[in-house]
Amino acid sequence: MPSYCPFCGTPAPDETRFCMKCGRERPAAPVAPPQPAAPPPPAAAPPAGSPPPGVPPFAAGPGSPPPPGYAPMPAAPPGPSPLGLFFGRVVRGDWAGSLKAALWPTGLIVALAVALAMPRYGQGDEDYVGWSDRLRIALAMLLQAVGGGFEVRDATPGGMNSGGYRGGSAYGGSYGDFGSGGQGHVTLSLIPLTVTVLWIGALILGARAVRRQGDGLEAAVRISVVAAAAVLVLGLYAQPEVDGVEVHSSPVLAALIALLIALVTTGAVLQRDVAAQWLARRPAAQSLVRAAGTAVRALAAVLLLCALVGFISYANVDDVSGRDLLVALPLLPNIALLVLSVSWGGTVDYDLSGQADVFGSGGEHGALGLGDLGDELGGWAVTGALATGLVCALVVGLLAARRSADRREQVTAGGLFLFGYLALTEMCGLSAEVSGGVSELAGRGNMEVAPSVADALLFGLLWVGCAVLVAPYLLRLTGRGGGPGGGPGGGLGGGPTQGATPMYPPGQSPYGPPPGTPPAPGPYNPPPGSTPPPGATPPPGPYDPSAGMTAAPEAYAPPTGTPPGPYIPAQATAPAPEPRRRRPALVWGATLVAALVLGGGATAGVIALVDRHNDDPGTSDTKNTKNTKNTEDTENTENTTSTEDSGAEPAQERVGDHAVPTVPDGYRLVSDTAGFAFAVPDLWERQGEENHRVTYSRSAGHAELEVGVVRDAPYTSYENFKALEKTADADRKGYQQIQLTANTFQGRQGARWEYTYEKGGVTIHAIDQSYIAEDGTEYAIHVTERDVEWVDAREVFDTILSTWMLNDVD
């Protein structure tokens, strides 16, 4: 309500202090006394279902209406999934490097096809099938190595072709008389395993070049995609049409199988370091992978030997030309599997059925084995085949015994070898199918030539089982040991430390000092920051494997004078005479003869029983049981005689008062003046001793062995490792623990520490086994090597542990 100025009467709002006309200050308006507020009206009862007082309607629960003007906040957009991120890295990666890696297998296929397309295959002066067509046919044949097909179809709608010529395929077989005939197709299935092996090897070479750049699984996908795309392009090109006859190579199927093989191969190569760390934490899986590696090596060695035998035998056949030998090269593993199947007593089955120009009419089924080989080539051929099978079995058994840590791993390696052998036997055969007519080739029928998988399983179990059983004993008889981690028992113990007897110094008990013996005085340990009193020399501290790793060890200089000899107890008047060692040549000869008799006799017995059963189906079960029992009794008698003739345990040398364990091939036993002995590789030498650490290594290489010696250690090995690990992150860049556990080593409490770290951009793998001997001395066996070369270094470490002993040399 407006008020008036008392001086000029001009109206103005009550809150105006000065008059807007005369400018004088207006007097303040009197303030009315406060009036009591009227009571609020009674609130109406809230409707049913409304929220309680003080709760916003939109927060009362589901179904409540939002307040006026309320708008929900927009949800954050979802981020990419891990799979999307992975494929994003694949797309944005180095495609140029992946293309270079994929050029290796692609160039291999093209080079082999060019070589196979060079001969004219008996066409004479008239080149009906030109060089480019022969190249495309050869590509179609070679792409079967990665899952492709080979099918010949009649491309003429009416089934009649113009002209006529005869040609040969790149593998020496007829691919059709191209004249007139009905409509149909001819399918040939033959996997050239040589090409498969070479293609995988070329992939490995390309992937290794990419791995040096630090790429991972993304590069594996890129390489696989490029390699599969190259197979697809080659497959599309390898479909020529020659005078109304066309060849189909199944390019899409070949590309898919090539993609799968490439993913597995390149992923294994590029993720090798990651897989090694994963396996290091899982001993069971690591043992399985080691056994698989042994099986692959044994399978490669056996197939190489059988391929050589088969190729030489094929080259000595009459009317075999150089072109035929060239065609046989892509099929060498196939030939090797046929040779191995026959050498172990199996058969090569053939089955012809239907009515076709190349198969004839009706059906024919048969098998070729040792009996047919003897009928055609004589008894010496059978003897040679059995000798080949014997050598192959011994190769499998010896590799399993030498490379396995225990008996279980040997059996696993033998089982995996047998599995691989059966898988390849299933793949190595030849099959063809004719349906309808292609050119002048007409009819309908099937042909199949392949080793018998059932025979391969039966005789494979016999030969491989016997080889795995006998090989460790054979190594013991020759004094060559049972491999890394096999222990003095030649691989017959349960592991690296099982089956070996702990060795203790004379006069000491493995259970510690006698009761009542005062504890050894502890070392002087001044508080941090203080100095020891004059004349006090602190003892050496706990062994630290990281100390001195950056500096190269000094060159080893042999000491002057007479080297110390082995420890001889004072009460001994003369060393005990060594038992006479059996001659290795005699042992090997007797073992080979016994194995040949056992394997050949068992094979001949099984074949005779099978033939007798086939010739006389009515033979009673009692007679078969009697024959089987007689065969088993003969085998048991021969086995007993062979075991008795082999003699006693091989002679062993001695170091000090302890028997020397069996040393594997490529290693030698060293007796160190620091008080211990073990086996090291032949090329390793003692580099010197510094700060109570003895170093062994070789001049060329990065692997190194350090043995730390701490007298009267005032701690346990596990406590020492835990204390050292607290500063590992600061001392070693990129430190990653693989394992740190307490264990028992040669009956004494110890600890195992395994880890990796970075040094100069290279990943270093280290492992340390420490334990405290009976006299209170701590021995720490520490091996380091680049992580990419860790497999060989781990073998050295296991061999050192299996041959370690104290020799009491001061």
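Helices here are DSSP runs of H or I with at least four residues, strands are E runs of at least two, and both are numbered from the N terminus. The model is a predicted one, so to speak of local features takes a pLDDT of at least 70 and side-chain atom pairs count only at pLDDT 80 or more, while totals for chains, interfaces and linings use all residues. Residues are numbered from 1 along each chain as its sequence is written, and side-chain values use heavy atoms, with hydrogens and water left out.

Gly415 sits in helix H13 (residues 407–427). With 39% relative accessibility, Gly415 falls in the partly exposed class, the band between buried (under 20% relative accessible area) and exposed (over 50%), worked out with a 1.4 Å probe on protein chains only. Gly415 and Val464 are 49 residues apart in sequence, yet their C-alpha atoms are 8.3 Å apart in space.

Next come the nonpolar cores, meaning sets of buried Ala, Val, Leu, Ile, Met, Phe, Trp, Tyr and Cys residues joined through side-chain atoms within 4.5 Å. The largest has 43 residues, and Ile109, Phe150, Trp199 and Val231 touch the most other members. Among the elements giving it two or more residues are helix H2 (95–117), helix H4 (193–211) and helix H5 (217–237). Beyond its neighbours within four places in sequence, Ile109 is in contact (heavy atoms within 4.5 Å) with Leu139, Leu142, Leu143, Val195, Trp199 and Leu234. Another core, of 36 residues, lies apart from this one and includes Leu337 and Leu418.

How do H2 and H5 meet? Their axes come within 8 Å and cross at roughly 40°; axes are lines fitted to C-alpha atoms, for helices over the stretch in contact, with angles from 0 to 180 degrees between N-to-C directions. The pair therefore counts as oblique, the class left once angles under 35 degrees (roughly parallel), over 145 (roughly antiparallel) and 65 to 115 (roughly perpendicular) are taken out. Ile109 and Trp95 are among the H2 residues making the contact, with Leu234 and Arg222 among those of H5.

Further along, seven strands form an open antiparallel sheet in the order E17-E18-E19-E23-E22-E21-E20, where pairing takes at least two DSSP bridges between two strands. E17 (685–690) and E20 (733–745) are the edges with a single partner strand each, so one side of each has no neighbour in the sheet. From one strand to the next, the twist averages 15°. Five bridges join E18 (residues 693–697) to E19 (residues 704–710), and Arg693 stands opposite Gly708 in E19.
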